[in-house]
Amino acid sequence: MMKHMIFAGAFLLANALAGEAIAACSVGGGWTQVQNLVAAATNNNAALGRTACSLVGQGTQEEHHANGELWDYKLGNGHPVDPRVQVGTWSVSNDGTTNAAISYNYFDGGSFGPFKVFINAGVSDFCNASNVSVGTFNYVNTTGTTRVCP
């Protein structure tokens, strides 16, 4: 199955399994909107330089590179069966505003977003234009060789 289908499935499954995440598409209750999605690596809420790790157990590990490349870590560099590979691109629109959103375009034709991002205790919730949660992820710092999700 194509990676973007897995990523999209993670969004839908997270929405189904985490009813509390639906309420996360607004400020309050510990949730804040991330308005600077492309920021210095010291911003723990930023996508830049980090790996999106699925919280629903299906193993999404998508690295967000500074040049807009989106890489799937899979089982790592040089793995003989499932090596790390670029799967598409990511981009941010309206950065620094309340309309800041992230979008994904996959080489096999899938496109997802734009999504506003809300955060609470290190967990990021992706929200669609209808203000409905479509997925919950952690952004893990990928400095050095640490690219794999915990």
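**The disulfide and its setting**

Cys25 and Cys127 form a disulfide, with 2.1 Å between their sulfur atoms; the term covers a pair of cysteine sulfur atoms within 2.5 Å. By this rule the count is 1 disulfide. A disulfide is a covalent bond between the sulfur atoms of two cysteines. The torsion about the S-S bond of Cys25 and Cys127 is about -95°, so the disulfide is left-handed. The pair links distant parts of the chain, 102 residues apart: Cys25 sits in the loop between helix 2 (19–22) and strand 1 (32–33), and Cys127 in strand 8 (residues 123–127). Helices (H or I, at least four residues) and strands (E, at least two) are DSSP runs, numbered from the N terminus.

The model is predicted: local features need pLDDT of at least 70, side-chain atom pairs count only at pLDDT 80 or more, and totals for chains, interfaces and linings use all residues. Residues are numbered from 1 along each chain as its sequence is written, and side-chain values use heavy atoms, with hydrogens and water left out.

Cys25 counts as buried because its relative accessibility is 3%. Cys127 is also buried, with a relative accessible area of 1%. Buried means under 20% relative accessible area, exposed over 50%, and partly exposed in between (1.4 Å probe, protein chains only).

For the chain as a whole, the secondary structure comes to 2 helices and 9 strands, in the sequence pattern α-α-β-β-β-β-β-β-β-β-β. Of its 150 residues, 42% count as buried. The chain exposes about 7100 Å², with carbon and sulfur atoms supplying 57% of that area; accessible areas come from the Shrake-Rupley method with a 1.4 Å probe, and for residues only the protein chains shown count as cover. Among contacts (heavy atoms within 4.5 Å) between residues at least 6 apart in sequence, 48% join residues at least 24 apart.

Gln33 counts as buried because its relative accessibility is 17%. A polar atom of the Gln33 side chain lies 2.7 Å from the backbone oxygen of Thr98. Leaving aside neighbours within four places in sequence, Gln33 is in contact with Val27, Thr98, Asn99, Ala100, Lys116, Val117 and Phe118.

Strand 2 (residues 50–54) has 5 of its 5 residues buried, so it is largely enclosed by the rest of the structure. Both faces are covered: Arg50, Ala52 and Ser54 are buried on one side, Thr51 and Cys53 on the other. In a regular strand the side chains alternate between the two faces of the sheet. Strand 2 runs antiparallel to strand 3 (residues 61–64) and is joined to it by 3 bridges; two strands pair if DSSP finds at least two bridges between them. Thr51 stands opposite Glu63 in strand 3.

Ser103, in strand 6 (residues 101–106), counts as buried at 16% relative accessibility. Not counting residues up to four places away in sequence, Ser103 touches Thr89, Trp90, Ser91, Phe112, Gly113 and Pro114.

Asn77 lies in the loop between strand 4 (69–72) and strand 5 (85–93), and counts as exposed at 60% relative accessibility. The Asn77 side chain makes a polar contact with the side chain of Arg84 (3.2 Å). A polar contact is a pair of N or O atoms within 3.5 Å; within protein, one must be able to donate a hydrogen and the other to accept it, and residues adjacent in sequence count only if both atoms are side-chain atoms.
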